[in-house]
2 protein chains.
Amino acid sequence: MNEQIILKSRPKGKPELKDFEFQEFEEKNSQDLVLETKYISVDPYLRGRMRDEKSYIEPFKVGEPLESMVVAEVTDSKIEDFKKGDHVIGMLDWKKKQHHSGKDLRKIDPNMAPASAYLGVLGLTGLTAYLALDKIGKLKKGETLLVSGAAGAVGSVVGQIGKIKGCRVVGIAGSDEKIEHIQKKFGFDAGINYKTTKNMKDAIKKTCPDGVNVYFDNVGGEILDAALQNINKAARIINCGAISIYNETEVPTGPRPEGILIKKSALMQGFLVRDHMEDYQKAISDLAGWLKSGDLKYDETIVEGFDKTPQAFIDIFDGKNLGKMVVKV
Amino acid sequence: MNEQIILKSRPKGKPELKDFEFQEFEEKNSQDLVLETKYISVDPYLRGRMRDEKSYIEPFKVGEPLESMVVAEVTDSKIEDFKKGDHVIGMLDWKKKQHHSGKDLRKIDPNMAPASAYLGVLGLTGLTAYLALDKIGKLKKGETLLVSGAAGAVGSVVGQIGKIKGCRVVGIAGSDEKIEHIQKKFGFDAGINYKTTKNMKDAIKKTCPDGVNVYFDNVGGEILDAALQNINKAARIINCGAISIYNETEVPTGPRPEGILIKKSALMQGFLVRDHMEDYQKAISDLAGWLKSGDLKYDETIVEGFDKTPQAFIDIFDGKNLGKMVVKV
């Protein structure tokens, strides 16, 4: 029997194990490809799809299997482009095995980088870091780049690209270990542990003495407020994620930003990597080059076992991952 | 004796007459130019300079004369570039007469357009409308442009440029008369009276059935919130003014925008016309061309009398002006 994970109920606030259900099922459709799931990506943005509201991507349906980016191995194929043993990446169901048409699947080369890396540094998280900085950040040498979620999959790549571009890079993360880690492993110039810092505004001021030119925001909320109070003229704020408000059940409120944006001629811009598919190839090629040269390093937290997928997803919201969170099936 | 208007006290909340003082004084400095004030521009942004805080422009000092854009006539000159009878525009003190070095003054031609127009449609307000749309709005034919403060000096020019560019243009203003006026005189497609509208979100939805591509915000606050709830993918929000929060004494709060910005890959960007001086000439030339062709019309509210200047400034916050508010001395 095959096994799948469905959305049992829409989470209220933080997702809980009871919102998920494991089901045994028999595949009834037969399609050209049969895939065996190898790695499942669990990402904060999936929380948004668990709400029953229109967004840039369809919401999950209660009672239906969840999906995310998955690396799978082809175990049977009637399509010329894919053969048995190929590794593919795509938006796939949380099933141990699945049939698939092959549409929107991409072949990957597990010899160039570990298969799991295609879910992270060479996948959507690496692309997000690269393309958001390219399209909105427009870093100039000598500028100061502030990054929240700095030890995360996106944030750690953001910081390293900042160093490659010759910027001062300051990271915000949730433990002293993470702060030490981003400085030692990824070359951040300074870090702020937001959990032990009372006054974030002052802490940013201290670590960014020349002010903030680019703030790469993965968290939203009060850390964004504090960053806004430290921006320079013509600053760029990249709204890439807002994990601090994803689990809010009421409309989150905070200080209005429009006054500061006007005063500083600054910009805040939402970024979705899917808007920039035409630039993926160039980005992956640069990222792969930096991986090869050693300028770009990455972390991943690999949780083993298909049955651990919901807990791995929940753990992201408690910051239990270091870098990209991936489930090995 | 000469006369000047000083900032007597920093306003708390809305400015009041007691915050201003008229003083007779004798000019002690002698400089190369002697100017006689003809028209004084009163603008919402001056409220910001009355606070004791660093901004893009120095705050006013208590006990010192106020200043704004002024049209003056040269009554005496020791400089070759200016001669008696010339009209000039520049950032000048609120004085009936003043001596000046000539630095940063610009000659205007009162035969091409009325002198007061250089404080409005051909001055910073017209330039603001033109350049903010050019730099941030990037209007495309067929898009929907929403404008707040639509009957104001900036808003009315914004709307007309929107029509010139082939957009659907919807204006928000504070009375039925203003709404009728922007449709009849400036060609807006629809309007919303925010004072009599209970649900701004729904009203915007109704008047912008295809969603909002560009929102030109002169007011901030709750109208901005309502606009954000109606934006399309890749919308551009121009934060040009925030008159609704300028008089707040506490940090104004509201729904956090970061979630919507991410969902819609949208942009909010503060705009200061002074950042774009290199583009003034091209902009004035286009605006003057549209004035000539009749595509661009403007309103001005001219208040007569130097002694009416503080009240004219206060009246802006009650929306008593139609178009640019100017004091004729």
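Analyst: The contact between chain A and chain B draws 37 residues from chain A and 37 residues from chain B. This is a predicted model, and the values that follow are computed from it. Putting the chains together buries about 2,800 Å² between chain A and chain B, with carbon and sulfur atoms giving 57% of that area. On the chain A side, the residues that lose the most area to chain B are A:R256, A:I262 and A:K263, and together they make up 26% of what that side buries.

Charged pairs also link the two chains. The count between chain A and chain B is 6 salt bridges. One salt bridge joins the side chains of B:K263 and A:E53, at 2.9 Å from N to O.

Now the packing within chain A. Two packed helices are described by the angle between their axes and the distance between the axes. Helix α2 of chain A covers residues 124-137 and helix α3 of chain A covers residues 153-164; they pack at an angle of about 45°, and their axes lie 8 Å apart. The crossing of α2(A) past α3(A) is right-handed. From α2(A), the residues that meet α3(A) are A:T125, A:G126, A:T128, A:A129, A:Y130 and A:L133, and their partners in α3(A) are A:A153, A:V154, A:V157, A:V158 and A:I161. By class, this contact of α2(A) with α3(A) holds 8 nonpolar and 3 polar residues, and no charged ones.

The contact of α5(A) with α6(A) divides into 5 nonpolar residues, no polar residues and 1 charged residue.

In chain B, helix α5 (residues 200-207) and helix α6 (residues 221-228) have axes that come within 8 Å and cross at roughly 50°. That makes α5(B) oblique to α6(B). The crossing of α5(B) past α6(B) is right-handed. On the α5(B) side the contact residues are B:M200, B:K201 and B:I204, which meet B:I223, B:A226 and B:A227 in α6(B). By class, the residues in this contact of α5(B) with α6(B) are 5 nonpolar, no polar and 1 charged.

Terms used
Residues are numbered from 1 along each chain as its sequence is written. Chains are lettered from A and ligands numbered from 1 in the order in which they are written. This is a predicted model: local features need pLDDT of at least 70, side-chain atom pairs count only at pLDDT 80 or more; totals for chains, interfaces and linings use all residues. Side-chain values use heavy atoms; hydrogens and water are left out. Axes are lines fitted to C-alpha atoms, for helices over the stretch in contact, and angles run from 0 to 180 degrees between N-to-C directions. Helices (H or I, at least four residues) and strands (E, at least two) are DSSP runs, numbered from the N terminus. A crossing is left-handed if the near helix is turned anticlockwise from the far one by less than a right angle, and right-handed if clockwise. Contact means heavy atoms within 4.5 Å. Ala, Val, Leu, Ile, Met, Phe, Trp, Tyr, Cys and Pro count as nonpolar, Asp, Glu, Lys and Arg as charged, and the others, Gly among them, as polar. Buried area is the accessible area (1.4 Å probe) that two parts lose on being put together, summed over both. A salt bridge is a side-chain nitrogen of Lys or Arg within 4 Å of a carboxyl oxygen of Asp or Glu. Angles under 35 degrees count as roughly parallel, over 145 as roughly antiparallel, 65 to 115 as roughly perpendicular and the rest as oblique.
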